[in-house]
Amino acid sequence: SVTFAGCVFWRVNLTGSVWERVRLLDVRFEDCDLSGARWTDVSLERAEVTGSRLLGLQAAGVRLRHVRLTRVHAPLSVWQRADAAHLHLNGCDLSEASLMDAKLPGAVLRDCRLHPDFYSTDPAEHPDMTEAWVLLEKL
């Protein structure tokens, strides 16, 4: 496995990259392109992603701890079985993103665009967002 600690990725093109068993600790991604990337067994701890593209990112089963996403463009991304704690999303586009079976307790979503099914009344279609704060403005 690989660990990136205390790193800043600034305007890095990681389009289509494949990361397996990678740990990202105290890192920042600023204005990066992770479109089409595939993450398997990836863990982000105390990480920030700002102004980046995650179009079609495959991050099923990703582990997120104390992660903040700001102005992230992530439509068609896959976050199935994601396990998050202390996740903050601000001004993010998650339209057509898959959050099926994701665990997002205590998540804070502000001014985000979400998949239309997110507004469904069927609880089986929602990620686990126990005690989450969702502050939405449809864009």
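These questions and answers cover the cavities, the nonpolar core and the strands around them in a predicted model.

Residues are numbered from 1 along each chain as its sequence is written, and side-chain values use heavy atoms, with hydrogens and water left out. In this predicted model, local features need pLDDT of at least 70 and side-chain atom pairs count only at pLDDT 80 or more, while totals for chains, interfaces and linings use all residues.

Q: How many cavities of 30 Å³ or more does a search of the whole structure find?
A: A cavity is a set of points, on a 1 Å grid over the protein atoms alone, where a 1.4 Å probe fits but cannot get out. Volume is the space filled by probe spheres set on the points, with grid points joined across faces, edges and corners. At 30 Å³ or more, the count is two.

Q: Which strands each supply at least two residues of the lining of the largest cavity?
A: Lining residues have an atom within 4 Å of a point. Here they include Leu64, Leu69, Leu87 and Leu89. By class, the lining has ten nonpolar, no polar and no charged residues; Ala, Val, Leu, Ile, Met, Phe, Trp, Tyr, Cys and Pro count as nonpolar, Asp, Glu, Lys and Arg as charged, and the others, Gly among them, as polar. Strands are DSSP runs of E, at least two residues, numbered from the N terminus, and those asked for are β8 (63-70) and β9 (83-90).

Q: Which strand gives the most to the lining of the second largest cavity?
A: Among the lining residues are Leu44, Val49, Leu64, Val67 and Leu69. β7 (43-50) and β8 each supply at least two. With three residues, the top contributor is β8.

Q: Which residue is the bridge partner of Leu44 in β8?
A: Two strands pair if DSSP finds at least two bridges between them. β7 and β8 pair in the parallel sense over seven bridges. The partner of Leu44 is Leu64.

Q: Which residue in β9 stands opposite Leu69?
A: β8 and β9 also pair in the parallel sense, over seven bridges. Opposite Leu69 stands Leu89.

Q: How many residues does the largest nonpolar core have?
A: Such a core joins buried Ala, Val, Leu, Ile, Met, Phe, Trp, Tyr and Cys residues through side-chain atoms within 4.5 Å; buried means under 20% relative accessible area (1.4 Å probe, protein chains only). Trp39, Trp79 and Leu87 are among those with the most contacts inside this core, whose size is 39 residues.

Terms used
1 Å grid on protein atoms, 1.4 Å probe; cavity = no way out; pocket = protein on both sides within 12 Å on 5 of 7 lines; lining within 4 Å. Helix = DSSP H or I, 4+ residues; strand = E, 2+ residues; numbered from the N terminus. Buried < 20%, exposed > 50% of the residue type's maximum accessible area, 1.4 Å probe, protein only.
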